[in-house]
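Please read it with the model open.

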Amino acid sequence: MDVEAVRRDFPILEKNGADGVIYLDNACQSLRPRAVIDAINGYYLTTSACSGRSMHRLAEEVSRQLDQTRAAVASFLNASRKEEIIFTRNTTEGINLVAHALDVGEKDVILVSDKEHNSNLLPWQLLTQRTGAALGIVSSLDDNSFDLAAFEKLLDDRVKLVCLGYTSNLDGVSIPAREIVKMTHDHGALVLFDAAQAAPHRRIEVKALDVDFVAFSGHKMLGPSGTGILFGKYPLLEQMRPFMVGGGTVSSSTYEGCEFLPPPEKFEAGLHDYGGIIGLGAAVAYLQRIGFDAIERQELLLNRYLTEALRESPRIRLIGPAAPELRGGIFSFHLPGIDPHRIALMLDQMAKVMVRSGQHCVHSWFNKHSIAGSVRASAYFYNTIEEAEVFVRCLRKIEKVL
Amino acid sequence: MFCIAALLILSVLGIFSARYRSLAKDALDCVLRRVTLRPCITGFDEKMKSRILGRVINRSERAARFLNRNFELLAWVFFILVLGSTVYAARGLYLFYVTGSCNGLNQESFCVFDPKGENNEVTDISQGCKENPPTAADLTLKGVDLSRFPVCNPAGKKEIVLIGCYGCSYTRKIYAPLKELAAARGARFRFLDYPVKVSTTLSARLAECVYRRDEARYWQLNDILFAAAPEQLDDPEFAGKAAMQLGLDWGDLGGCVEDPAVQALVDRRMDEIAKTRFYGTPTVFIGNQVFVGPKPRRVYAIALDGLFYWLKGDGGSRSEGR
Ligand SMILES: Cc1ncc(COP(=O)(O)O)c(C=O)c1O
């Protein structure tokens with residue numbers, strides 16, 4: 001991959017040097033290439049109509065593009081059929097959908113890890129409060145990686161669902177997905193992966209993994225804000241009750257009841273962000289063109305550099321395992337006693353370096369470890385070593401001064 | 001402390017830019033929380049500190065370290081400076097309103113509200129350098145016999161005394177507003193003509209002669225003379241026309257104007273005026289205050305009726321032109 005050439009696709013990266021920004025907050029949202037922006041604009045400029053409900057040619061064109069996007073996402077995930085793809089607003093909505101649509105009883109147990117994003121913790125907390133089911137927490141190993149042994153211990157026949165972040169937004173650590181799915185299925189339970197931080201960075205093959213549900217967001221993988229995908233195995237989706245209901249979810253209704261459409265329509269209530277979904281299709285196409293091998297290679301190159309350059313820093317406490325290979329594009333750290341927001345603000349002021357600071361919606365983990373928060377630099381394939389160097393240089397200065 | 005100082009500055013900057021306005025809002029929130037001893041949730045002070053540190057560190061790590069360690073102390077110093085300058089600025093504004101100068105009555109030092117110093121400009125009467133030139137503090141009406149000079153609204157309680165000359169541009173600026181102000185506020189108005197420019201002695205004599213014949217016409221003549229182009233003031237033809245305009249006979253008046261006794265009287269009057277030790281025109285006396293230079297109309301109004309003169313009604317406030 002020619003990084004310089006790729007960067008030219010991103011309007012925000014057009015400015016160079018002191019005028020340009022160094023965007024290392026990709027775990028929050030990625031930047032968008034022109035192809036995505038054009039696709040969104042294309043919808044508003046040329047079709048700008050409803051999908052499905054109306055019969056005219058503009059509506060037909062929108063329906064065709066949406067269908068095409070659904071098929072493209074299905075192929076992106078290597079799903080069995082495109083009807084397994086549900087358009088959502090984001091990862092959070094996908095997870096909440098499952099939490100409301102799945103039958104869970106008071107004898108059931110739901111397992112999550114001890115470092116889940118609130119979006120993959122709170123829906124299950126509320127579900128267990130609603131149903132009387134139990135919530136089990138799988139503790140991580142000391143280096144924050146997934147503890148298969150601890151997981152196995154908690155896994156019994158009462159477990160109905162295992163919900164895990166595929167890649168953690170806290171430290172970039174990924175879980176052994178294949179083993180987890182296998183072990184879970186062996187106990188007759190289902191698996192949901194929160195792939196918000198995985199889908200943008202690695203190939204997820206749902207068929208090969210045999211995973212039951214996968215939720216992710218478009219905006220972390222070059223797509224428009226407020227777009228997301230929930231994958232669910234078709235037979236499961238068929239059995240599940242709808243989450244939100246209304247227009248677009250039924251074939252007919254009377255004053256007494258209604259007849260729901262099959263998945264995915266049953267779960268896609270109301271008018272959707274058509275421009276956004278078409279943009280998401282363009283993002284998927286763009287990622288496939290770049291290829292996940294190249295993406296992973298560039299992220300590893302950057303994380304290796306960051307890890308090596310900051311290894312000797314006396315005050316920097318890295319979160320997660322020492323080996324950069326295990327942390328994807330994320331370098332998350334804290335300086336004991338120093339407010340992480342201060343570091344982030346200073347980085348921005350010093351060289352327009354944009355990072356995320358705070359608890360990254362993983363409050364539970366920070367509370368457990370009594371750490372105020374961290375600074376998280378999250379790289380993507382369009383980041384360069386030169387940018388990483390600026391980040392390191394600024395950070396070293398900050399470390400000396402604070 | 002930092003929040004308060006920042007609030008003061010950002011409120012001013014906020015007048016010009018929305019960006020600063022929202023920061024000022026954050027600063028205000030922070031101040032309100034500080035005074036109620038709650039933590040500043042907007043993190044405003046922390047945010048600003050970090051941004052400042054981020055800027056300073058690019059220039060000097062040492063300075064950034066110093067700033068980081070002593071931020072609260074520096075914020076205090078900054079606050080005191082801001083407070084000091086705010087008080088100073090408020091004082092300047094007040095003084096400008098009341099006296100027309102930022103630094104007090106008749107002070108010529110720089111004033112942002114009157115950058116060219118127009119409110120203190122005078123037509124200088126001193127010839128050459130004097131060893132101890134008089135200052136505003138030396139000016140007085142004590143020992144000056146004002147009864148020799150014409151008075152408008154003689155029944156008025158307060159009095160405005162204007163020393164000026166027909167041809168002096170700064171006198172020209174304020175003659176009409178002052179006369180109008182005196183009428184609006186029921187004050188006596190005396191005009192003490194001191195022909196600084198030698199070329200206006202004809203006007204001085206003409207005025208004296210008209211005054212002798214008819215006081216009301218004298219004031220009308222003043223209006224004509226102040227409205228005329230300065231170069232016309234010593235032109236006998238113009239003087240004749242002015243007399244005609246006033247319905248006076250030039251044959252009769254011309255003799256008076258050329259009478260050396262009248263010139264002598266004008267000279268004596270000038271000697272009388274000189275007793276005030278004035279050094280430039282216009283100089284205005286109201287009560288025991290003296291105004292050197294053409295002040296805005298409100299300054300004279302305040303001297304007559306106090307800071308809230310407008311509450312007492314002022315038919316002439318329309319003509320506040322400066
Ligand atoms: C691991 C993980 N899960 C879930 C989410 C929530 O994503 P969204 O806000 O797009 O729903 C995030 C967002 O940062 C995330 O990192």
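For residue classes, Ala, Val, Leu, Ile, Met, Phe, Trp, Tyr, Cys and Pro count as nonpolar, Asp, Glu, Lys and Arg as charged, and the others, Gly among them, as polar. By these classes, the shell around the ligand comprises one nonpolar, nine polar and two charged residues. This is a predicted model, in which local features need pLDDT of at least 70 and side-chain atom pairs count only at pLDDT 80 or more, while totals for chains, interfaces and linings use all residues. Residues are numbered from 1 along each chain as its sequence is written, chains are lettered from A and ligands numbered from 1 in the order in which they are written, and side-chain values use heavy atoms, with hydrogens and water left out.

**Ligand site**

- The residues around the ligand (a heavy atom within 4 Å of it) are Asn90(A), Thr91(A), Thr92(A), His117(A), Ser119(A), Asn169(A), Asp194(A), Ala196(A), Gln197(A), Ser217(A), His219(A) and Lys220(A).
- Polar contacts are pairs of N or O atoms within 3.5 Å; within protein, one must be able to donate a hydrogen and the other to accept it, and residues adjacent in sequence count only if both atoms are side-chain atoms.
- Gln197(A) places a polar side-chain atom 2.6 Å from an oxygen atom of the ligand.
- For Ser217(A), a polar side-chain atom likewise lies 2.6 Å from a ligand oxygen atom.
- An N or O atom in the side chain of His219(A) is 2.6 Å from an oxygen atom of the ligand.
- The ligand taken alone exposes 390 Å², of which the protein buries 88% (Shrake-Rupley method with a 1.4 Å probe; for residues, only the protein chains shown count as cover).

**Aromatic pairs**

- Over all chains, the structure holds 28 aromatic pairs; rings of Phe, Tyr and Trp (its six-membered ring) pair if their centres lie within 6.5 Å, and planes under 30 degrees apart count as stacked, over 60 as edge-to-face and the rest as tilted.
- Tyr43(A) and Tyr44(A) form an edge-to-face pair, 4.8 Å centre to centre with 75° between the planes.
- Tyr43(A) counts as buried at 7% relative accessibility, and Tyr44(A) as partly exposed at 48% (buried means under 20% relative accessible area, exposed over 50%, partly exposed in between, with a 1.4 Å probe and protein chains only).
- The pair of Phe308(B) and Trp310(B) is edge-to-face because the planes of the rings stand at 85°, with their centres 5.8 Å apart.
- Trp310(B) is partly exposed, at a relative accessible area of 46%.
- A cluster linked by ring pairs contains Tyr166(B), Tyr175(B), Phe189(B), Phe191(B), Tyr211(B), Tyr218(B), Trp219(B) and Phe226(B).

**Charges over rings**

- The charged end of Arg269(B) sits over the ring of Phe149(B), 5.5 Å from the ring centre (NZ of Lys or CZ of Arg within 6 Å of the ring centre and within 35 degrees of the ring normal).
- Arg298(B) has its charged end over the ring of Phe96(B), 5.0 Å from the ring centre.

**Disulfides**

- Three disulfides are present over all chains, each a pair of cysteine sulfur atoms within 2.5 Å.
- Cys102(B) is joined to Cys111(B) with an S to S distance of 1.9 Å; their link is right-handed, with 50° about the S-S bond, and both cysteines are buried.
- Cys165(B) is joined to Cys168(B), S to S 1.9 Å, in a right-handed link with 95° about the S-S bond.
- Cys165(B) is buried at 0% relative accessible area, and Cys168(B) is buried at 0%.
- Cys209(B) and Cys256(B) form a disulfide with their sulfur atoms 2.1 Å apart; the torsion about the S-S bond is about -90°, so this disulfide is left-handed.
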